[in-house]
Amino acid sequence: MERTYAANVRGAEQIKVCGFVDTIRNKSKMAFIVLKDITGKVQITVEKNEDPELDAAVNSLTPDSVITVIGKAVESEYVKLGGVEIYPKKIIVESLAAALPIDREARKGHERSSIDQRIDYRWVDLRTEKNQLLFKIQTCLVGAMREFLLQKNFVEIHTPKLIGAASESGADVFEVDYFDRKAYLAQSPQFYKQMAMASGLERIFEVGPVFRAEKSFTSKHTTEFSGFDLEFSFIESYQDVMALEAEILTYALGKVKEAYGKELEEVFGMPLEVPTLPFPQIKLRDLYDELEKEFGYKVPEEEKGDLTTEAEHLSFDWVKKKYGHEFLLVTDFDAEKRAFYHMRDENGVPQGYDLIWRGVEITTGAQREHRYDVLCAQAKEKGLDEDVKFYTEFFKYGCPPHGGFGLGIDRLTMLLLGMTIKEAMFIFRGPTRLNP
């Protein structure tokens, strides 16, 4: 018999539903079970003392047990839960749940378990409506970004995560044993995205894992996350890269609002503001001047070549007040603060940017240096010429001008829903967390 999801239950002579026991009220004459599946909840109404097998099944149940129910669905205006209830003919107990090891939500006499306790039992914690809504929203967000790019003739690729040389700077990578030599977990798909440009693929994107061996204990850092990366050829400047990212995010957030805007605000308390185009843009030093005038915020001259965390936070208040916008593009960083593969103009200024959303950096993007001799010189300047020799080979035989960026899906989710990174991921990985 085909299963019916809770959200689709209507009056029917025979119906089959499957799910977890959300709540149970077991009285002497009647029992009421709320069954929950990924689509919602439905009430199971049991008239006791009529079928010994049904009574035995009901009496054995515990919260979060897994059951299959076959019975008759009856629509009723008196049933608050969807206006329908199921009178079971058969209850199959698929799995009995032991007493739950955590409190997923605050309740009378019990505080909610800490996030670290909940991560210890993440599979139990994820059963809440809030957590399941999180991943529905994330799926919609990523799906919309992918949809946008496919409409723009992008091709999806999958780059290796085991690499033979420490990527980018040689720091903050995980080293692993690889048969008779050392290998490293990729801290980004950057080099291989650019190889795709040299391959003539022209427009590519990837959704995949990214590894960072950083001992960071903040609400936004993690040692493994899911990245959404893209690269595209024949751009005229890094302005093209910024414009494309703004278009993608506007499209994707619009799709999320259309599908889940009301639930997002009700459950997470975060109204979703779909951004307008173009995104506000400012040079880094001009931003510091604005923050000093507006908030009295000063940084030492030697730190003005990069964006401080406090400046990121303050930039949100500034851009909201000046432009009524949540996003801010910051350009003109110092060359020593940017990767060697960023193109520079005639004054040595990197042709790239950071994108700040709600006071947190979500992207570093740029036009890449595609000229072999210039790229080799910039790698040598940073002492990386031998380390990245395999990478510079990509540009020796012709490569079009190109640029791109990467977004952290988990950080996007965190900011969208007003959570910490630990809560926004399916399973968090940090310096002290390798389980479950």
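In this predicted model, the charged end of Arg338 is placed over the ring of Phe333, at 3.8 Å from the ring centre. A second contact of this kind involves a lysine: Lys322 lies over the face of Tyr323, with 5.7 Å to the centre of the ring.

Pairs between aromatic rings were examined next. A pair of aromatic rings is described by the distance of the centres and the angle of the planes. The count comes to 19 aromatic pairs. One of them joins Phe340 and Tyr391 in an edge-to-face arrangement, with 5.7 Å from centre to centre and 85° between the planes. This pair links distant parts of the chain, since Phe340 belongs to the loop between strand E13 (327–331) and strand E14 (352–357), while Tyr391 is in helix H10 (residues 389–392), 51 residues apart. Phe340 has a relative accessibility of 1% and therefore counts as buried. Tyr391 is buried as well, because its relative accessible area is 0%, below the cut-off of 20%.

Tyr341 and Tyr391 also form an edge-to-face pair, with the centres 6.5 Å apart and the planes at 70°. Tyr341 lies in the loop between E13 and E14 and Tyr391 in helix H10, so this pair ties together parts of the chain that are 50 residues apart in sequence. Both tyrosines, Tyr341 and Tyr391, are buried. Phe340, Tyr341 and Tyr391 are members of one aromatic cluster, which also includes Phe191, Phe390, Phe394 and Phe395.

A separate region of the model contains strands E1 to E5. These 5 strands form a closed barrel in the order E1-E2-E3-E5-E4, and their pairing is mixed. From one strand to the next, the twist averages 50°. Asn26 is found opposite Ala31 of E2. Helix H1 (residues 52–60) lies across E1, E2, strand E3 (40–47) and strand E5 (84–95), and runs at about 70° to E5.

The surroundings of Leu291 were also examined. Leu291 is part of helix H7 (residues 284–295). Leu291 is buried because its relative accessible area is 0%. Apart from neighbours within four places in sequence, Leu291 is in contact with Gly296, Tyr297, Ala311, Leu314, Ser315 and Trp318. By contrast, Thr159 lies 132 residues from Leu291 in sequence and 40 Å from it in space, taken from C-alpha to C-alpha.

For the protein chain as a whole, the secondary structure comes to 12 helices and 16 strands. Along the principal axes, the C-alpha atoms fill a box of roughly 85 × 60 × 40 Å. The chain has 436 residues, of which 49% count as buried. Among contacts with a separation of 6 or more, 65% are between residues 24 or more positions apart. The protein chain exposes about 21,500 Å², and carbon and sulfur atoms supply 49% of this area.

How values were computed. Residues are numbered from 1 along each chain as its sequence is written. This is a predicted model: local features need pLDDT of at least 70, side-chain atom pairs count only at pLDDT 80 or more; totals for chains, interfaces and linings use all residues. Side-chain values use heavy atoms; hydrogens and water are left out. Rings of Phe, Tyr and Trp (its six-membered ring) pair if their centres lie within 6.5 Å; planes under 30 degrees apart count as stacked, over 60 as edge-to-face and the rest as tilted. Helices (H or I, at least four residues) and strands (E, at least two) are DSSP runs, numbered from the N terminus. Buried means under 20% relative accessible area, exposed over 50%, partly exposed in between (1.4 Å probe, protein chains only). A charge sits over a ring if NZ of Lys or CZ of Arg is within 6 Å of the ring centre and within 35 degrees of the ring normal. Two strands pair if DSSP finds at least two bridges between them. Axes are lines fitted to C-alpha atoms, for helices over the stretch in contact, and angles run from 0 to 180 degrees between N-to-C directions. Contact means heavy atoms within 4.5 Å. Accessible areas come from the Shrake-Rupley method with a 1.4 Å probe; for residues, only the protein chains shown count as cover.
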